[in-house]
Amino acid sequence: MSELRINDEQLKPIADKVIAGERLSLDDGIAMYRSPDLLALGWLANSVREKRHGDTCFFNVNRHINPTNICVAHCKLCAFGRDPNAPGAYNFALEEIYQRAEQGMREGATEFHMVGGLHPDLPFEYFLDLMRGLKKRCPSVHLKAFTMVEVGYFSRISKKSIREVLVALKEAGVDSLPGGGAEIFHPRVRKIICDHKVSGQQWLNIARTAHEIGLRSNATMLYGHVETEEERVDHLLKLRELQDETHGFSAFIPLAFHPANTGLAHLPPTTGYHDLKSIAISRLLLDNFEHIKAYWVMLTPSIAQIALRFGADDLDGTVVEEKIYHDAGAKTAEFTPRAELERLIREAGRVPVERDTLYRPVDRSKMPPPPGPRPDVTISINI
Ligand code: V47
């Protein structure tokens, strides 16, 4: 590895701590966000990343499915949610969801990533039926479904406790939970960007309960809107604290805010500099998280690739159909074939390893061939 050169004096004691394997503090986090020395932060984050994972870079073959964009929450940060009769509002029939899932399975997906709006009329039972239906049709595919925000909403509409909701989801086939909806935990920020969502404390409590009943989850942080540096670090340290307690988080994904078509459209988008700094700082502060994802849909494949040398060890997956970021102006493709993910990883000097949702290597040579095509399904994607 090349030598560390630090141009910012403030980073020197932090670098000493990182090299000694010591935990960083709130003040260290703030100093890192305030530092202009991106290359030193990247060097340090890369050293931590290489200690954990060597040159391995993970990716998976997955499919996103968003059953509905009808949502009662009206978050300012979001361009995806719609009122029931608004232009572009949709609610897939169960059969449409099953078709998408079966197609994903035939194309080799090992994971369905399912999140959607908080629908005003669909009862909790509907979502349990959906999970059972998916597990019956695609038993080999991991169901990573429903954010802590959706779980909180299910608890409200079903009048069941959070624990009861999570147990019912697990019994119906949910294998783990994605990391969305965390945004920034601080109440000042939530009041502005997502006033009607579960609070930061509730998000953490739901994650804790999920981990307690044996459901792993991911965690995210939405940055680049109205939050301060202190609020970002506070968010990361709250996740680190919960991870100390449960060890239930698999990966952390910093999410860059996309302002187009949102209630915060006047804000500028994040820059590559800020994106890489966020990856590096999360790798350095979250010393008890095994994986940091560079989500290519949100970062662009070019920045995600560079992030593999700034602390990230995972590019996420093939995705196939993405609505949340594209409604908010993302210019990336909705789908990246596995060969392209592998090329991006190799070109960054890393070794691609296909993983399942729980980061176990996937050996395609030992997997049964996917079932044959269904005659009524015409869309075909070369994964
Ligand atoms: O929860 C919504 C965020 C999340 C916008 O767990 C926005 O593996 C930017 O959570 N600009 C959904 N972000 C995405 C997500 C995710 C993605 C990939 C992998 C995983 C995982 C999770 O996107 C939402 C919200 O935090 N979001 N609107 C926006 N305008």
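The questions below set values against definitions.

User: What kind of model is this, and how are its residues numbered?

Analyst: This is a predicted model, in which local features need pLDDT of at least 70, side-chain atom pairs count only at pLDDT 80 or more, and totals for chains, interfaces and linings use all residues. Residues are numbered from 1 along each chain as its sequence is written, and side-chain values use heavy atoms, with hydrogens and water left out.

User: How many helices and strands are there, and what makes a run count as one?

Analyst: The chain has 15 helices and 10 strands. Both are DSSP runs numbered from the N terminus: a helix is H or I with at least four residues, and a strand is E with at least two.

User: Why is the chain called as compact as a globular protein of its length?

Analyst: The globule rule is 2.2 Å times the number of residues to the power 0.38, and the radius of gyration is taken over C-alpha atoms. For 383 residues the rule gives 21 Å, and the chain has 20 Å, which is close, so the word applies. The C-alpha atoms fill a box of roughly 60 × 50 × 40 Å along the principal axes.

User: Why is His53 called buried?

Analyst: Buried means under 20% relative accessible area, exposed means over 50%, and partly exposed lies in between (1.4 Å probe, protein chains only). His53 has 11%, so it is buried. His53 belongs to helix H3. Leaving aside neighbours within four places in sequence, His53 is in contact (heavy atoms within 4.5 Å) with Phe58, Glu290, His291 and Asp313.

User: Is Tyr359 buried or exposed, and what does it touch?

Analyst: Tyr359 has a relative accessibility of 12%, so it counts as buried. Tyr359 lies in the segment after strand S10 (351-354). Not counting residues up to four places away in sequence, Tyr359 touches Phe58, Ser250, Ala251, His291, Lys293 and Asp314. Ala251 is 108 residues from Tyr359 along the chain, yet their C-alpha atoms are separated by 9.5 Å.

User: How do you know that the length of helix H5 agrees with its number of residues?

Analyst: The expected span of a helix is 1.5 Å times one less than its number of residues. The 14 residues of H5 (residues 124-137) should therefore span 20 Å, and the end C-alpha atoms are 20 Å apart, so the two agree. Buried residues of H5 include Phe124, Tyr126, Phe127 and Leu128. Among the elements covering the buried residues of H5 are helix H4 (94-106), strand S3 (111-114) and helix H6 (148-158).

User: Which residues of helix H2 are buried, and what do they pack against?

Analyst: In H2 (residues 26-34), Asp28, Gly29, Ile30, Met32 and Tyr33 are buried. They pack against several elements, including helix H1 (12-20), helix H3 (38-53) and strand S6 (216-223).
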